[in-house]
Structures are given as C-alpha cells and as structure tokens.
Amino acid sequence: MDASQTRPPVIIVGAGLTGLAAAYHLRSPYLLVEREAEVGGHARSRRVGGYTFDVTGHWLHLRSPRARALVAAVMEADALVEVERRTRVHSHGALLPYPFQANLFGLPLAVVQECLCGLVEARERAARGAQVGATFAEFAVARFGEGIARHFFVPYNRKLWAEHFDRLSAAWVAGYVPIPSVAEIIGGALGLPQEGLGYNARFLTPRGGGIDALPRALRSALLRGGGGELRTSCGVEEIDAIGRRVKLVDEPTWRPYEALISTMPLPELCARLVGAPAAVREAAGRLRWVRWRYLDVATRAPAAADYHWVYVPDPALPFFRVGVYSNACPAMAPPGCASLYVELSARDGAIDEAAVVAGLVQIGALARAEDLGFLTVREIEHAYVVFDDEHAAATATILGWLAGRGILSCGRYGAWTYDSMEGALLAGADAAAWADARRAA
Ligand SMILES: Cc1cc2nc3c(=O)[nH]c(=O)nc-3n(C[C@H](O)[C@H](O)[C@H](O)COP(=O)(O)OP(=O)(O)OC[C@H]3O[C@@H](n4cnc5c(N)ncnc54)[C@H](O)[C@@H]3O)c2cc1C
C-alpha cells in the first residue's frame, strides 16, 4: 500500500456549490460531508404541486472562462437558457426600469425635480472637495444627491438590511451600485431608455426549472468520478484545530485531517472549534449578518407584470423585493400559473398575509387577490454578511488563525463575504488546488 492511501482524505464541509466544486477539482481523495439530505446549500430548489421555488432568485452569471468550462463539463449543452433581465423598481405607484437612479421618468414631476436638483448639489459639493462619509447612506447622498437617496437607496436598503443598515460601510456597497453618468441620469429622467446598466443585464437559468440542476449535475459528476466519498445528512459537530481532527455527528471517533476545506458559515465554524484562542473567539463575536424571511408564492393565473424581479422601496409595503420565477423560466409553474418569491422586511412576528397579497396586487405581481394559490414562509439564517467597521479585522483574525491550522474556510459564508454562484464555483476550484498543494508538500 503506498503512503497516499494511508493518509487521511481531504475533508470538505458542506456540499453547496463551493464544496461540490472543490471535490470536483481535487486530485487527492476526499470526504465531502453535508448536513442536509440534499446537496446544493443556498442553490437548492423545492418542488410543490408543479411549482418550483429556489431560495429566492438564483440567476446565474458566468463571466469567467474557468467557471464556464466547469459548467459546460457537467451540464448538457442546452441545459441552461440565457435570459435578458427585466427588472423594475416600484416607486410612487410607477413601475420604472432598473436602476432607479437612471430611470426617473414616470415619477411625479416634483420627485424628478428633487432628484435632479439633489444630483446637481451633490456634484457641486464634490467639486468643492467635500469628504464622503463612511456609511452607505452617506455614500448614496454624496454620489446621487439627497433626492435619489431619500426616494430609493435609503428606504430600500433599510428594508433589506433592517437594523444593520446604519452600520453598513460605503466602501463595500459602493462596488455593487450601478453608477450612471450625469447624461444617463438626465436622459433617464427625460424618458430615454437606460436599461442594461449594472452587473447583471443577462443571466442564465436551467431550462427545466430550478437552480438545483447545477449542484445536482456536479454531484452526478462526482459520483461518476469516484475520487472520494459524499456523505449527506452528516453534519460536522466539532473541529479540533490544534489536534487537526474532526468529529462528525453520530460518529464516536474523531477523523484526522491534513487539509480541511470548510464552507459552513464562519460563525458556525467558530462555534464548533475546540481550542481556539480568545482573539479568535472575540473576533467571531464581532461577525454580523442579516437574516431574511421570504415567501414561496404559487398563483393560479399568470403574473400581471412581465418583470423577473422588482425592487420595492416603499416603506408602506411589507416586502423589499419580489420576483416571478416563471417569467424567467416558464417550467417553474404549471401552464397559466406563476411561481414567485417575496422577500419580507419584517424578520419576526406574525406575517400579515392579507397585506402581502394586497401589496402584490398593487405592484402587479398578482392580477387579483383571488389568484393566490398558496404561500409558504421560509427563512434564510445567513442571508447577507454585514460589512461594517468590524468586518475586515474580525475575518482576517479568524481566517488567518485557521489557515495556520490546515483549515481553509471559503465560499460566500465560509470566507464571510458577498459572492455569487460563479464565485462559489471558483472558490471551490481554488480550495482544491490549495488542498492538493498541502498534501504534495
Ligand atoms: C437570498 C439569496 C439570493 C441569492 N441570489 C443569487 C443570484 O441570483 N445569483 C448568484 O450567482 N448567487 C446568488 N446568491 C449567492 C449564492 O447562493 C451563493 O454564492 C452560493 O450558493 C454559496 O455557495 P456555498 O457552497 O459557498 O455556500 P452554501 O450554499 O451555504 O453551502 C454551504 C453548505 O454547508 C452545509 N453545512 C453547514 N453547516 C454544516 C455542518 N456543520 N456540517 C456539514 N455541512 C454543513 C450547508 O448545509 C450547505 O449545504 C444568493 C444568495 C442568497 C442568500
């Protein structure tokens, strides 16, 4: 028996897209453990009575040749369809194209005037060398002016981030906000079309309905490859980072590792660490995230509006974003029906279903209240990582300490960052290269 067969396999925690991609790329033997019965993590789908629901909108963008090659290797050539994004903003009773700041036409004229005057004043302040504040709200005012911040950025993001909104750092969010030119903002206020701005003007979606087609294709490729073992319904209970061993739920003995790839949320990893120093435990206490509640909604009639998703800044409406899966992929609902997701502002307490349904009619997602088939409440514990003043130092402390103990914590929640499904595929490939290199050293 050669030495490589007696050495412990690379342990991968979590079979979301990052963990699956890591296993797919690994040359070393691996053990991939997933707490849930199904692979996919946040990229999973539920099917009920002919309707398909993802964990809210999961639209795939593949910009990197590496990610495209991986998807092409595991999925049939025609398994994905490309869709031109139809996104709207519902504001003051109007359905505007996205993004708000470049499509003011259609708002009440006084609001358009307020937004444009605010933009001019913001540019004057910038020309005088005014400092931009550190928070997201200050960034929005400095970049777009008081009006655009007041009518869109502040109310929308307050609904999305809830109590964390005031801590959000401008440095991070700024990278994700489309910044149109002055000509585009004025053109949009006059009614010239400005759609297609921003990072996601087109996306891919599985033709058959449900983003879980991607993790399932990866799982099939792993099973065909036979380079390791995938165990579902198998959670990691504790990690002894000093002794370099892992305890799985329902297994009496510890398993040693030379390289551990963890994709579980960083606070959960820290909670399972045995022997972590005080600095790491304190840093873990400074990690913040936003929890979401959302609804799977099935309708008995087509959606009244044709958008794929709509942003809803109005504080009077109980949701901040609504999407119609079946407008992007008809296979996600029975013929003549629609499947929707509704991202709710309130994280706790009873849900006023009548107010939600009335709101859906108001924004055109439902033609009539009677069209509602059923709705189901769902939760996402770690929806978005909160990028506040503590984020950079806390994650650096934890990830640095883990790296010194043969643990790479990666993926959107492992690295404790904001990332896409494409990012997860690439993070998994990089993690595999890291683990193979450790074993070869
Ligand atoms: C609301 C929302 C909308 C999104 N929309 C998009 C979009 O439109 N487009 C896009 O590209 N991306 C989108 N994303 C991002 C995308 O979902 C993630 O980037 C990607 O799915 C992350 O994959 P991952 O494998 O890193 O993490 P995860 O999917 O979280 O996988 C981690 C896995 O670890 C498992 N696990 C956790 N703890 C343990 C344990 N103790 N033992 C064993 N297993 C464990 C979990 O069950 C899970 O399967 C969205 C995310 C959210 C939350």
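Predicted model: local features only at pLDDT ≥ 70, side-chain atom pairs only at ≥ 80, totals over all residues.

Visitor: OK. Which residues of α5 are buried?

Guide: In α5, which runs over residues 136-144, the buried ones are F136, F139, A140, V141, R143 and F144.

Visitor: And what covers them?

Guide: The cover over the buried residues of α5 includes α4 (109-127), α6 (146-161) and α7 (170-173).

Visitor: Let's jump to α13. Which residues are buried there?

Guide: V356, V357, G359 and L360 are buried in α13, residues 353-362. They sit on the same side of the helix, because the arc they cover around the axis is only 160°.

Visitor: Tell me about β18. How many of its residues are buried?

Guide: 6 of the 7 are buried, so β18 is largely enclosed by the rest of the structure.

Visitor: Which way does β18 pair with β15, and over how many bridges?

Guide: Antiparallel, over 7 bridges. T299 stands opposite A338 of β18 there.

Visitor: What about β17 and β18?

Guide: β17 pairs with β18 in the antiparallel sense too, over 5 bridges. In that pairing V322 stands opposite V342 of β18.

Visitor: Where's Y311, and how far is its C-alpha from that of V322?

Guide: Y311 is in β16, residues 309-311.

Visitor: Does Y311 count as buried or exposed?

Guide: Buried, because Y311 has 22 C-beta neighbours inside 10 Å. Leaving out residues up to four places away in sequence, Y311 touches V89, Y98, Y156 and R321.

Visitor: What does the domain assignment say?

Guide: It gives domain 1 as 3-44 + 65-79 + 209-287 + 387-440, domain 2 as 100-190 and domain 3 as 289-385. The C-alpha centres of domain 1 and domain 2 are 38 Å apart.

Visitor: Switching to the ligand. Which residues come nearest?

Guide: G14, G16, G41, G411 and S420 come nearest, out of 37 residues around the ligand.

Visitor: Which element gives the most to the shell?

Guide: α16 does, with 4 residues. The elements that each supply at least two are α2 (17-25), β19 (372-385), α15 (411-414) and α16 (421-440).

Visitor: Last one: what's the strand order in the open sheet of 4 strands?

Guide: The order is β12-β11-β10-β14, and the pairing is mixed. β12 (254-256) and β14 (273-274) are at the edges with a single partner strand each, so one side of each has no neighbour in the sheet.

Visitor: And how do β10 and β11 pair?

Guide: β10 (residues 236-240) and β11 (residues 245-248) are antiparallel, over 4 bridges. I239 has V246 of β11 as its bridge partner.

Terms used. Residues numbered from 1 in each chain as written. Buried ≥ 20, exposed ≤ 12 C-beta atoms within 10 Å, placed from the backbone. Contact = placed C-beta atoms within 7 Å. Domains from an automatic or database assignment. Near = placed C-beta within 6 Å. Pairing = 2+ DSSP bridges. Arc of directions from axis to C-beta.
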